[in-house]
Amino acid sequence: MAALEAEQQGLVLRRFTYEDAWTLGLLLRELAVARDAPVAIDVRHGARQVFRCALPGSSADNDAWIDRKRRVAERYAAPSFLVGARFRAKGTTFEDSSRLDPNSFAAHGGSYPVTVEGVGVVGTATVSGLPQAEDHALVAEALTRLVNDLGHPAGPVNGPVHGAS
């Protein structure tokens with residue numbers, strides 16, 4: 001869990017414009033296509049959906065998962081994978097203890113809040129279609145590339161944490 005928290009702290013942008021949101025969506029798509037990943041992708045700037053696509057092998061169920069995971073990342077200002085890990089670390093589950101409707105919220109990996117230095121959470125990037133740790137890793141990798149391209153307040157980011165819990 002500490003590794004996931006450190007990863008989130010490292011993935012802070014200097015800015016996040018609509019063009020940056022589109023670029024992040026394209027990065028996610030490029031990574032997914034290269035891996036033949038059957039995913040759906042959603043990138044938001046605030047409440048506005050800027051990028052959405054579905055790749056071969058994904059389904060309408062992935063769209064519902066995107067919405068449920070995105071609501072968790074927005075509500076907790078943390079990656080949906082990390083939120084689920086925090087509940088498990090307390091010996092419970094998100095579904096049993098969050099008091100939120102599981103038809104609307106899912107603390108499964110794949111949604112990441114987009115954070116700007118000095119501003120806070122300004123959007124989300126979400127992927128659905130792979131096992132939750134892989135969904136999370138895909139978004140973290142794309143955000144790492146974007147942070148390195150746009151600049152991070154503390155300098156370059158080494159890379160996403162893979163397999164962290």
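This is a predicted model: local features need pLDDT of at least 70, side-chain atom pairs count only at pLDDT 80 or more; totals for chains, interfaces and linings use all residues.

Visitor: Is strand β2 mostly covered or uncovered?
Guide: Mostly covered: β2 spans residues 40-45, and six of its six residues are buried. Buried means under 20% relative accessible area (1.4 Å probe, protein chains only). Strands here are DSSP runs of E with at least two residues, and helices are runs of H or I with at least four, numbered from the N terminus.

Visitor: Which residues sit on each side of β2?
Guide: Ala-40, Asp-42 and Arg-44 are on one side, with Ile-41, Val-43 and His-45 on the other.

Visitor: And how many bridges join β2 to β3?
Guide: Six, and the two strands run antiparallel, β3 being residues 48-54. Strands pair if DSSP finds at least two bridges between them. Asp-42 stands opposite Arg-52 in β3.

Visitor: What's in the turn of that hairpin?
Guide: Two residues lie between β2 and β3, and Gly-46 in the turn has a positive phi of about 60°.

Visitor: What about β2 and β5, how many bridges there?
Guide: Six bridges, in the antiparallel sense, with β5 covering residues 120-128. His-45 stands opposite Gly-123 in β5.

Visitor: Switching to helices: at what angle do α2 and α6 pack?
Guide: About 130°, with their axes 9 Å apart; α2 is residues 18-34 and α6 is residues 132-150. Axes are lines fitted to C-alpha atoms over the stretch in contact, and angles run from 0 to 180 degrees between N-to-C directions.

Visitor: Why call α2 and α6 oblique?
Guide: Angles under 35 degrees count as roughly parallel, over 145 as roughly antiparallel and 65 to 115 as roughly perpendicular, and the rest are oblique. So α2 and α6 are oblique to each other.

Visitor: Which residues meet there?
Guide: Among them are Leu-24, Leu-27 and Leu-28 in α2, and Leu-138, Val-139 and Leu-143 in α6.

Visitor: Last one: is Leu-82 buried or exposed?
Guide: Leu-82 is buried, with a relative accessible area of 0%. Leu-82 is found in helix α4, residues 80-89.

Visitor: What is Leu-82 in contact with?
Guide: Leaving aside neighbours within four places in sequence, Leu-82 is in contact (heavy atoms within 4.5 Å) with Met-1, Leu-4, Glu-5 and Gln-8. Leu-82 and Gln-8 are 74 residues apart in sequence and 9.2 Å apart in space, C-alpha to C-alpha.

Technical notes:
Residues are numbered from 1 along each chain as its sequence is written. Side-chain values use heavy atoms; hydrogens and water are left out. Buried means under 20% relative accessible area, exposed over 50%, partly exposed in between (1.4 Å probe, protein chains only).
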